[in-house]
Every structure is written in structure tokens, then in C-alpha cells.
Amino acid sequence: MTPMNPSPSTTDAEQGAERRTVFLLAHTGRPAAVRSAELVVQGLLRDGLGVRVLASEAADLPLPSAVETVPEATSGALNGCELLIVLGGDGTLLRGAAFARASGVPMLGVNLGRVGFLAEAERDDLDKVVDRVVTRAYEVEERMTIDVLVHSNGDVVHRDWALNEAAVQKVSPERMLEVVLEIDGRPVTGFGCDGIVCATPTGSTAYAFSAGGPVVWPEVEALLMVPISAHALFAKPLVTSPKSVLAVEVQPHTPHGVLWCDGRRTVELPAGARVEVRRGAVPVRLARLHQASFTDRLVAKFALPVAGWRGAPH
């Protein structure tokens with residue numbers, strides 16, 4: 001992880017010479033997000049930082065005139081911003097991750113939903129969030145992504161990416177999707193199923209987890225392939241090298257399927273389509289406020305029972 005604390009040699013005059021700006025993205029459909037956004041904006045402005053928001057969200061937020069607005073969520077909208085703060089649930093955090101990836105600006109998520117594995121703070125931590133941002137007391141880590149190609153009749157017909165997963169799924173509830181799985185150019189197995197999840201370590205606690213896949217610590221570089229309700233004796237989750245290329249071939253005789261990337265972007269897969277997944281060329285950068293281990297995060301997010309633990313003997 002990269003420390004974001006200013007260099008000791010940097011003077012206050014030098015720091016003040018350049019206006020510091022934070023972009024704020026919020027789920028304005030939630031009253032809790034509106035109130036949280038108001039508190040964050042007030043805190044940042046009070047400490048001399050600039051705040052920028054989308055014009056479409058500004059209309060729903062009680063913001064002072066000092067807040068800058070931009071018309072569209074393009075990568076250029078974050079030009080000059082040192083951080084992207086996202087307030088919301090998992091869907092809003094994934095929307096923010098796409099924004100952060102395109103711009104290269106680190107994302108700091110505040111969870112207003114249920115689980116929020118991508119979030120670094122909870123609703124009750126807003127004062128701490130503002131203080132850490134103002135003092136630059138945060139670090140930045142990079143999370144691996146995946147790049148996705150869809151082939152049909154020998155041509156690339158769609159390109160996409162995902163932070164969590166790319167899921168190949170059936171469309172017709174009454175019929176299974178017939179697929180053949182491939183890793184590094186070699187066939188592994190084929191079966192009928194509801195779908196296949198190709199995930200990153202970050203996505204191992206999302207859809208892949210629900211499908212029965214393993215939890216993979218974020219610092220482990222790997223790719224996952226997890227079947228969904230497969231009708232087969234050998235349909236176990238697979239964990240491969242991050243250099244591997246995963247492929248899911250939809251059989252020509254099967255009904256068409258659908259590709260979902262991070263549960264947000266979708267494209268139809270015709271019978272005979274081939275989906276290739278490889279390590280993404282561009283990571284997502286996440287801002288971290290504290291050094292809590294992923295084990296502690298896992299226990300807290302899933303409310304795992306750890307009563308009776310005594311720890312290593314001293």
C-alpha cells in the first residue's frame with residue numbers, strides 16, 4: 001500500500017498553494033445518504049477543501065454554493081481531485097469503483113448498506129472520515145480487476161471489465177446452460193448449469209461466495225471460476241494463477257445466455273459464444289483508513305462467531 005501522508009519537508013505554504021479537491025458520489029435516493037453527504041461536505045469545506053459533485057446529484061442534496069458541479073460522470077470529471085468519496089451500499093460502491101478505475105483516483109467507500117466489503121468506513125465514522133481525508137491520514141492499495149472479451153463466430157463482439165466478477169448465466173429458468181470450461185487454452189470440463197462466475201479475490205466475497213466459492217484474501221493474486229448449480233459430479237470451484245486465461249464456451253445447441261459484469265452491465269450471449277477472462281490491465285485504487293486485517297473485516301462483515309477464541313499461547 002502507498003502512504004498518502006505529506007512529506008515532512010512539505011511546507012504549509014506549499015500545501016496551500018494548490019487547492020485540494022474531493023469528489024463526492026452518493027446514493028441520493030436514500031435519506032441516510034443525503035444526510036451523510038451533507039455532513040461530509042460541511043466538514044470538508046470547513047477545513048478548506050474543495051468539493052465536487054455530479055450535477056444530477058446536486059439537485060437532491062442540500063449543498064452550499066461553494067460546491068462545484070460537473071454535468072457527467074466521465075473520467076475527466078475527477079481531474080484535479082485527490083480522492084473519490086462514495087456514500088452508499090454495494091451497488092453505489094461498484095458505481096464508484098468504475099468511476100475511480102477510469103480516472104485513477106483512489107476511492108474511499110462509506111457503507112450505508114448491509115455488507116459493504118468495498119467500504120472502508122461505516123455511517124457512524126463520518127467525522128473520522130473527514131478528519132483522515134483532511135490530514136491525508138490514509139493509504140492507497142490497488143485491487144486487481146478482470147478484462148472480459150466476448151467472441152461470437154470468431155469475432156470480438158463485446159469488451160468489458162469487472163472488479164468483482166463476470167458471470168455467465170442462463171436466461172430461460174426452465175433450461176440449463178450447457179458450457180465447456182477452459183483454462184490456459186485447454187478444456188477442463190463441461191456440464192449443464194445455471195451459470196459460471198469468474199471472479200477476482202475482491203469478488204470472492206460477493207457473487208462467487210454465494211455460489212459456494214472460497215474466500216480469497218485480497219493480497220492473494222488469483223482468478224476464480226465458480227459454477228452455479230451445476231449438474232455434474234466434477235463442478236468444484238477452481239483457483240488459478242493471475243496469469244491464466246479463463247474461458248467459458250456456451251454450447252451451440254444450448255439456449256442463449258447473458259453476461260453480467262459486477263451485476264451492473266449486461267450483454268446477451270448467443271449460442272456458441274465464448275467468454276474470455278484475464279487479469280485486468282487497470283486496477284481499482286482503494287483508500288484505506290486503518291490497518292485492520294482482512295480476517296477482522298471478514299468476521300465483522302459476516303458477524304462470524306468467534307466467542308471462545310483464546311489466541312496463541314504466550
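In strand β10, the residue that bridges to Val150 is His158, and Ser152 has Asp155 as its bridge partner in β10. Helices (H or I, at least four residues) and strands (E, at least two) are DSSP runs, numbered from the N terminus, and two strands pair if DSSP finds at least two bridges between them. The model is predicted, and local features need pLDDT of at least 70, side-chain atom pairs count only at pLDDT 80 or more, while totals for chains, interfaces and linings use all residues. Residues are numbered from 1 along each chain as its sequence is written, and side-chain values use heavy atoms, with hydrogens and water left out.

**The sheet and its hairpin**

- Strand β9 (residues 146-152) and strand β10 run antiparallel and are joined by seven bridges.
- These strands belong to an open sheet of six strands, with antiparallel pairing, in the order β10-β9-β20-β17-β12-β13.
- At the edges of the sheet stand β10 (155-162) and β13 (186-193), each of which pairs on one side only.
- From one strand to the next, the twist averages 20°, where angles run from 0 to 180 degrees between N-to-C directions and axes are lines fitted to C-alpha atoms, for helices over the stretch in contact.
- The hairpin of β9 and β10 has two residues between the strands, and Asn153 takes a positive phi near 55° there.
- Asn153 is exposed, with a relative accessible area of 77%; buried means under 20% relative accessible area, exposed over 50%, and partly exposed in between (1.4 Å probe, protein chains only).
- Although Asn153 and Pro270 are 117 residues apart along the chain, their C-alpha atoms are separated by 9.8 Å.

**Other residues with positive phi**

- Arg136, in the loop between α5 and β8 (139-143), has a phi near 60°, a positive value in a residue other than glycine.
- Arg136 counts as buried because its relative accessibility is 17%.
- Ser229, in the loop between β15 (223-228) and β16 (238-240), is not a glycine either, yet has a positive phi of about 50°.
- Ser229 counts as exposed because its relative accessibility is 52%.

- Not counting residues up to four places away in sequence, Ile85 touches Val22, Phe23, Leu24, Leu25, Val40, Leu44, Leu108, Val110, Val129 and Val133, where contact means heavy atoms within 4.5 Å.

**Packing of α2 and α5**

- Helices α2 and α5 pack at an angle of about 35°, and their axes are 10 Å apart.
- Ser36, Leu39, Val40, Gly43 and Leu44 in α2 meet Leu126, Val130, Val133 and Val134 in α5.
- By class, this contact of α2 with α5 has seven nonpolar, two polar and no charged residues; Ala, Val, Leu, Ile, Met, Phe, Trp, Tyr, Cys and Pro count as nonpolar, Asp, Glu, Lys and Arg as charged, and the others, Gly among them, as polar.
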